[in-house]
Amino acid sequence: NSLANRLGNPQKLLRCIHIAGTNGKGSTAAMTAAVLSAAVYKTGLFTSPYLEQFQERIQIDGTPISPGALSRLTELVQQQARSMEKAGEGTPTAFEQVTAIGFLYFLEQHCDFVVLEAGLGGRLDATNIIPPPLAAAVTSISRDHTGVLGGTLEQIALQKCGILKKGSRGVAAPGQPSTVLSVIREHCRTQAIPLLEPVRPSVSQMETGLWGSRFSLCGKTYAIPLLGLHQIDNAVTSLSLIRQLRAAGYSISQEAEERGLGAVRWPGR
């Protein structure tokens, strides 16, 4: 928060979709961003880690931040980080600084939406300094970073639920363990957050191969170029986030859903 304050709190001026979880959050974020781009919204995407180039972590409509813009904003952020250290306010972590760079870039580029993948957990993650997002999803939960997030699935889920804030709209990925789903439901109930719980398509509604995957949902058929049945769960979660954005008043057509999912690129996953 101290670093963001020094930079003018750019995160407060962005319209965000937030995604946390143990597995699938990067793929879900990439799919959601691809659909929004297909709907002709200028869409920022913040993810980690990168596969080949650092700039992949900060993208707009599939194009990574330029080396020049990254260098310029990095210097700006590091100036403030050094000032914090001199003032005895602590030193921001590398992830906190990268998150700040992303916020600044998305704001100066006038993004319509920003899709944020949480780094570690959710409640205390650097990305969670944003105001309540338009929509937020908790993807598949399993045991990760137990020394920080807790030793049980319920404790980990509660940390991930920190991105689900009052005033937002929630999605719980299909296939969650019942104990995890109970935690998400209770959190959303206490925060008065409308929650979507999409159902995984049946075996007869799914097909996968080296070309990607195809599935049916609510009477419509979608194809994605990503491999593995788990990517169908991620696609269903992404479509549920889009549904929540529609409920919030944003126009996103079924054609944009189909084109976005059909064109999504997420190498190495």
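Predicted model: local features only at pLDDT ≥ 70, side-chain atom pairs only at ≥ 80, totals over all residues.
**Entry 1: β9 and β10.** I started at a hairpin, which joins β9 to β10 through two residues. Strands here are DSSP runs of E, at least two residues, and helices are runs of H or I, at least four residues, numbered from the N terminus. I see β9 (residues 206-209) pairing with β10 in the antiparallel sense over four bridges; two strands pair if DSSP finds at least two bridges between them. I looked up Glu-207 and found Arg-214 of β10 opposite.

Residues are numbered from 1 along each chain as its sequence is written, and side-chain values use heavy atoms, with hydrogens and water left out.

**Entry 2: the cores.** I went to the largest nonpolar core, which has 36 residues; Leu-36, Val-115, Phe-215, Ile-252 and Leu-261 touch the most other members. Such a core is a set of buried Ala, Val, Leu, Ile, Met, Phe, Trp, Tyr and Cys residues joined through side-chain atoms within 4.5 Å. Buried means under 20% relative accessible area, exposed over 50%, and partly exposed in between, with a 1.4 Å probe and protein chains only. Elements giving two or more residues to this core include β1, α2 (25-38), β10 (212-217) and α9 (254-263). The largest share, eight residues, comes from α2. Apart from this core I found another, of 24 residues, among them Leu-7, Cys-16, Phe-46 and Ile-101.

I then listed contacts (heavy atoms within 4.5 Å). Beyond its neighbours within four places in sequence, Leu-261 is in contact with residues including Met-31, Val-35, Phe-215 and Tyr-222.

**Entry 3: aromatic pairs.** I count six in the structure. Rings of Phe, Tyr and Trp (its six-membered ring) pair if their centres lie within 6.5 Å; planes under 30 degrees apart count as stacked, over 60 as edge-to-face and the rest as tilted. Tyr-105 and Phe-106 are tilted, because their planes sit at 50°, with ring centres 6.2 Å apart. Phe-215 and Tyr-222 come out stacked, because their planes are at 25°, with centres 5.5 Å apart. Both Phe-215 and Tyr-222 are buried. I also noted a cluster of Tyr-41, Phe-113 and Tyr-250, linked by ring pairs.

**Entry 4: Ala-20.** I found Ala-20 in strand β1 (residues 16-20). Ala-20 counts as buried because its relative accessibility is 0%. Gly-122 is 102 residues away in sequence, yet the C-alpha to C-alpha distance to Ala-20 is 6.1 Å. Leaving aside neighbours within four places in sequence, the contacts of Ala-20 include Lys-25, Ala-118, Val-138 and Ile-163.
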